[in-house]
Amino acid sequence: MRAAGRRARVRRAAALALIVTLLAGCTVKPVLRAHSDRLRVVTTTGLLRDLVRQVGGDRVDVVSLVPDGGDPHTYEPTLRDARNVVYADVAFSNYALLEEHSVIKTLDANLRRGATSVSLAEEAVKYAAEIIPLVEHANLDTVWLGLRVRGNGAGLGATRASDVLVAATALTGPGHLYAYLTGTFGDTDVYFDSSNGFRDDTVTLPTDAHTHLSWAFTKPGVYRLTLQARLRTADTAPLVPLDQATYTFAVGVNPASAGLPGATVLDEGHADLTTDVDTGRLGVLYDPTGGGEQAQRWYTADEVVIDVPGKALAEIPAGPQFRFLGRAGTPVYQLPQAVLGKHVHGEIDPHLWQNVRNGIAYVKLIRDTLIGRDPAGAPVYRANAERYLAELQATDDYVRQTIAAIPKANRYLVTTHDAFGYLAAAYDIAVAGFVTPNPSAEPSLADRRKLTETIRQLRVRAVFLEPNLKARSSTLTQVAAEQGVRVCPIYGDTFSGAVQTYVQMMRFNADSLLTCLGR
């Protein structure tokens, strides 16, 4: 009866979450007042807003830039958001490159002089928060090729709101080159397109960040791509030239024919065309095993050949979003981006709060920050924090006990969003992978077979999707449904529906895992 009741609660909450997500765009976001007797606080996400409200109580007015149901990875701030930042006394961001860069730029550019700004993911380590590296498992049979900025550029006056611009300026080769990104729901953004002569084809990245791309070539042969990197320390500052380098691709031909004897062939694992903003150099960071930056070795551009083998030959998918590549069904050589969706990130997994003990560290940091800005409120902040920390400790115990009730053989988490590494590490559940087709093509029979094999080998009971993603009809959900995989809700970055607080989110996730994996 207890398990049945829990399953019913999960189903009701999921249904309500779907309805509220659909209606979220109709709500008006609250604003901070120009004058207030309360401490005015702005946060980047609704989750952080809830933590501040729990500690601040009636002594604070708090709003978030990213609305509930919004994706902090992609949200674009509004003028109302900028106005809220202007009036804020205190600003809390998660950072570690969780938020869309424009959110951070809006925060840093509009926060008035004298206001306090705290990056929780970085500073919470002083309160015993545990961080883990962001390791992405490409699981490809070709090299996974991305773009990276290494370093913070502090010596050149850069901040976390600065940009590094990487432009394609020239290409030699028998055909055209395209570099593009495929979003979570199949949309595409083209960054490099040699067919139009690289007309201002530029990728903009924050400092110390990484992004994924798909790379397509229309004909076999040797290609040489020239990239140029520049630094923009502030929106109104002049661009600072960094470096220029030419990268060699062997497309459908023997890499030895590229004319670089002794060069390292990049044919597996993870490689990034990298701008080192601290040294000003362009090069390549490469790890054949596909690990994170700590496992990558630096090469200059003329020391490597990027292999795009014959097995990378595929057909251009149907759909208007791929027309820039040519006619559907036409062969094209392609290195896919490996992880579906827009992911600009650093080397640290930014989703610390999925371990409630890290949420406790956040709350302690928020408490001390509010006391520093409003010493008169110290007794209130301490009392609120003490009460809430006890609730969080009880929540940590609940999540741990609930997940422990799942048979060990069933504890495999399959999601579409790489946001649950801390949940897995803290509560002894294995991240089995992501239910994703090749992000650069329509789902194939091979994709479906791979999913089926994973489910059979691990006896995976369910896959988990965030309600704000499930509300939209994504290809990923369709593939899971066609294979008979149960789709269950889980919350990662944002609230919606019946889940409107951090405690509710963590308890909901634990209940959903037990309901869907515990049988």
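The model is predicted. It holds 18 salt bridges and 1 disulfide.

**Salt bridges**

- R33 and D61 meet through their side chains in a salt bridge, with an N to O distance of 3.3 Å. The two residues are 28 positions apart and link distant parts of the chain: R33 sits in the loop between helix 1 (2–23) and strand 1 (39–43), while D61 belongs to strand 2 (residues 60–64).
- In the salt bridge between D89 and R112, the closest N and O atoms are 2.3 Å apart. This pair, 23 residues apart, links distant parts of the chain, with D89 in the loop between helix 3 (79–87) and strand 3 (90–93) and R112 in the loop between helix 4 (101–110) and strand 4 (116–119).
- D89 is buried, at 9% relative accessibility, and R112 is partly exposed, at 32%.
- K105, D163, R232 and D235 belong to one network, joined by salt bridges that share partners.

**Disulfide**

- The sulfur atoms of C488 and C516 are 2.1 Å apart, and the two residues form a disulfide.
- Distant parts of the chain are linked by this pair: C488 lies in strand 24 (residues 486–489) and C516 in helix 12 (residues 502–517), 28 residues apart.
- The disulfide is left-handed, because the torsion about the S-S bond of C488 and C516 is about -105°.
- C488 and C516 are both buried.

**Helix 6**

- Helix 6 has 18 residues, which at 1.5 Å a residue should span 26 Å; its end C-alpha atoms are 26 Å apart, so the two values agree.
- The N-terminal end of helix 6 is capped by N355, which has a side-chain oxygen 2.9 Å from the backbone nitrogen of R357.

**Nonpolar surface patch**

- V125, I131 and I348 form a nonpolar patch on the surface, and together they have about 210 Å² of accessible area.
- I348 is located in the loop between strand 20 (331–335) and helix 6 (356–373). This residue counts as partly exposed because its relative accessibility is 32%.

**H270**

- H270 is part of strand 15 (residues 270–276).
- With a relative accessible area of 3%, H270 is buried.
- The side chain of H270 makes a polar contact, at 3.2 Å, with the side chain of D272.

How values were computed. Residues are numbered from 1 along each chain as its sequence is written. This is a predicted model: local features need pLDDT of at least 70, side-chain atom pairs count only at pLDDT 80 or more; totals for chains, interfaces and linings use all residues. Side-chain values use heavy atoms; hydrogens and water are left out. Helices (H or I, at least four residues) and strands (E, at least two) are DSSP runs, numbered from the N terminus. Buried means under 20% relative accessible area, exposed over 50%, partly exposed in between (1.4 Å probe, protein chains only). A polar contact is a pair of N or O atoms within 3.5 Å; within protein, one must be able to donate a hydrogen and the other to accept it, and residues adjacent in sequence count only if both atoms are side-chain atoms. Patches are made of residues with over 30% relative accessible area and no salt bridge: like charges are joined within 9 Å, nonpolar side chains (Val, Leu, Ile, Met, Phe, Trp, Tyr) within 5 Å. Accessible areas come from the Shrake-Rupley method with a 1.4 Å probe; for residues, only the protein chains shown count as cover. A salt bridge is a side-chain nitrogen of Lys or Arg within 4 Å of a carboxyl oxygen of Asp or Glu. The expected span of a helix is 1.5 Å times one less than its number of residues. A disulfide is a pair of cysteine sulfur atoms within 2.5 Å.
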